[in-house]
Protein chains: 2
Amino acid sequence: MTDFTKAQAGHLYIVGVGPGAADLLTIRAINILSTVDVIIAPRSSLSAESLAVSVVRPYLRGQELVEHIYPMERDPLQTAQCWAQMADLAVQRLAQGLSVAHITIGDPLLYSTCAYLLEQISGRVPTENIHVVSGISALQAASAVIGESLLTQNDRLMLLPADDLAAVESALGCCETLVIYKIGERAQAVIEMIRRHGLAQNARLVCYAEQEREQIFTNLDDLNGNRLGYMSTMIVHVGHKSWS
Amino acid sequence: MTDFTKAQAGHLYIVGVGPGAADLLTIRAINILSTVDVIIAPRSSLSAESLAVSVVRPYLRGQELVEHIYPMERDPLQTAQCWAQMADLAVQRLAQGLSVAHITIGDPLLYSTCAYLLEQISGRVPTENIHVVSGISALQAASAVIGESLLTQNDRLMLLPADDLAAVESALGCCETLVIYKIGERAQAVIEMIRRHGLAQNARLVCYAEQEREQIFTNLDDLNGNRLGYMSTMIVHVGHKSWS
């Protein structure tokens with residue numbers, strides 16, 4: 001198995017730093033981040049600072065920190081160009097014999113910009129020199145603050161973003177637990193649909209789980225038309241499928 | 001927010017210890033487990049030792065350790081009785097002013113026996129004294145060792161156990177990424193079905209991710225009829241749903 005006790009020269013680490021609390025990093029993430037030479041941190045063009053950087057700051061020891069500003073516009077071409085630049089930077093540093101970590105909030109393989117870096121770097125760095133370190137995802141953090149089990153026995157979980165409301169509605173018919181990410185501006189439309197399906201009592205909403213501005217709604221009525229931020233997760237307990 | 005720097009008297013912690021590697025625990029889990037008075041660890045009647053205990057052993061400091069043997073039979077009544085006993089024990093220790101942690105492999109809210117403890121303890125311990133500490137789940141560990149992103153943009157993920165093959169097959173039609181747990185004895189039937197759908201090239205199989213006996217199959221042909229253990233996770237990249 002890979003040696004994760006410290007970052008190795010010429011190796012790239014894709015590291016999830018969890019939902020936002022500094023104590024929700026894994027030991028493995030800390031071991032890598034505190035010994036790596038270069039840290040690349042994505043920051044959306046709409047944010048004043050990288051959330052991922054603020055989470056790992058307690059563990060930094062003067063490494064080179066590259067804040068990488070990416071466009072929030074959903075333009076595939078612009079996205080590809082932007083990540084091509086980051087891949088170039090990573091490849092260059094790795095070729096110099098440095099170790100490089102790319103950090104991301106949550107888990108790096110669940111709706112993370114790391115996917116674009118992995119794609120762009122493919123074939124340019126030996127596969128055995130690329131490592132992924134998992135992080136606690138928003139779906140785990142949200143269910144933990146609520147304190148309710150997501151799945152038992154034969155239950156099926158569906159995870160999807162709120163963007164396509166028709167997809168969200170049809171998901172209600174094929175899972176026992178539905179987790180909806182990036183509720184944000186779609187909140188009212190999603191909540192109306194959940195009510196229409198008679199599931200309002202079974203829905204929970206957590207905004208910015210494990211961050212300073214965390215908000216928990218175990219009753220959708222408490223929302224009162226409040227505007228929700230981007231990092232909002234809804235959990236809907238649709239039903240239960242027991243052992244047959 | 002809850003103080004997770006150390007275990008508090010009279011509080012119950014439901015702690016996920018991750019997939020098996022000691023460095024995949026979070027700082028929060030270690031802070032709780034190294035200061036808690038009593039640790040309850042589930043062990044299946046088929047196992048010689050609790051995997052969860054072996055993972056946390058480096059962090060133990062002489063706490064009371066209760067290994068709790070539960071039946072692997074899928075009998076709802078027996079399951080309920082067994083967990084009622086555990087809840088009694090936890091409630092008793094908490095009433096004595098002790099702190100108690102219940103540990104589990106993976107994440108405590110994803111197919112974990114913790115669900116039964118939470119159910120049985122409901123109403124007997126103040127809600128504000130019950131805390132869940134997330135752990136890295138098998139789905140994250142499996143995708144990390146493969147090194148492939150699970151989801152981007154509008155992709156939908158479905159997570160379910162292999163038990164109900166018809167449910168697995170119908171899931172292929174409503175998600176972009178399918179994650180199948182507990183493949184074990186169902187492996188050949190699941191693989192045949194994946195082949196029938198023309199998705200064999202897109203399927204990965206990881207057995208005992210982050211444990212000593214970890215096995216990774218990025219090509220299903222390499223399986224050669226090998227018998228798979230219980231802790232096997234299949235990831236199928238069904239397709240991609242981009243931003244609309």
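Because the model is predicted, local features are reported only where pLDDT is at least 70 and side-chain atom pairs count only at pLDDT 80 or more, whereas totals for chains, interfaces and linings use all residues. Residues are numbered from 1 along each chain as its sequence is written, and chains are lettered from A, with ligands numbered from 1, in the order in which they are written.

The relation between the two chains is considered at the outset. Chain A is superposed on chain B by a rotation of 180 degrees with 0.0 Å of shift along the axis, and the RMSD is 0.0 Å; the superposition is made by least squares on the C-alpha atoms of residues with pLDDT of at least 70 in both copies. This is the relation of a two-fold axis. The same surface serves both copies, since 100% of the contact residues of chain A recur in chain B, where two residues are in contact if their C-beta atoms, placed from the backbone, lie within 7 Å.

The contact takes 48 residues from chain A and 48 residues from chain B. On the side of chain A that touches chain B, at least two residues each are supplied by α1 (27-33), α4, β5, α5 (138-146), β6 (157-161) and α6 (165-171) of chain A; here helices (H or I, at least four residues) and strands (E, at least two) are DSSP runs, numbered from the N terminus. The most is given by β6(A), with 5 residues. The residues of this side of chain A comprise 29 nonpolar, 11 polar and 8 charged, with Ala, Val, Leu, Ile, Met, Phe, Trp, Tyr, Cys and Pro counted as nonpolar, Asp, Glu, Lys and Arg as charged, and the others, Gly among them, as polar.

Strand pairing also joins the two chains. Strands of a sheet pair through backbone hydrogen bonds, either parallel or antiparallel, and two strands are taken to pair if DSSP finds at least two bridges between them. Over 3 bridges, β6(A) and β6(B) pair in the antiparallel sense, and Leu157(A) stands opposite Leu159(B) in β6(B). This pair belongs to an open sheet of 10 strands with mixed pairing, in the order β9(A)-β8(A)-β10(A)-β7(A)-β6(A)-β6(B)-β7(B)-β10(B)-β8(B)-β9(B). At the edges stand β9 of chain A and β9 (215-217) of chain B, each with a single partner strand, so that one side of each is left without a neighbour in the sheet. Neighbouring strands of this sheet are turned by 15 degrees against each other on average, direction ignored. Within chain A, β7(A) and strand β10 (residues 232-237) pair in the antiparallel sense over 4 bridges, with Thr177(A) opposite His237(A) in β10(A).

A second sheet is described for chain B, where 5 strands form an open sheet with parallel pairing in the order β3-β2-β4-β1-β5. Its edges are β3 (64-70) and β5 (130-133) of chain B, and each has a single partner strand, so one side of each is left without a neighbour in the sheet. Strand β2 (residues 38-44) of chain B is joined to β3(B) by 7 bridges, and the two run parallel; Val38(B) stands opposite Glu64(B) in β3(B).

Helix packing is described for chain A. Two packed helices are described by the angle between their axes and the distance between the axes. Helix α3 (residues 76-95) and helix α4 (residues 114-121) of chain A pack at an angle of about 65 degrees, with their axes 8 Å apart, the axes being lines fitted to C-alpha atoms, for helices over the stretch in contact, and the angles running from 0 to 180 degrees between N-to-C directions. The residues of this contact divide into 9 nonpolar, 2 polar and no charged.

His131(A) lies in strand β5 (residues 130-133) and counts as buried, with 21 C-beta neighbours inside 10 Å; a residue is buried if 20 or more other C-beta atoms lie within 10 Å of its own, exposed if 12 or fewer, and partly exposed in between, with C-beta atoms placed from the backbone. The C-alpha atoms of His131(A) and Ile14(A), 117 residues apart along the chain, are separated by 6.1 Å. Most residues other than glycine have a negative phi. Phi of Lys182(A), however, is near 55 degrees, and Lys182(A) is buried, with 20 other C-beta atoms within 10 Å. Phi of Glu210(A) is near 65 degrees, and Glu210(A) is placed in the loop between β8 (203-207) and β9 (215-217) of chain A.
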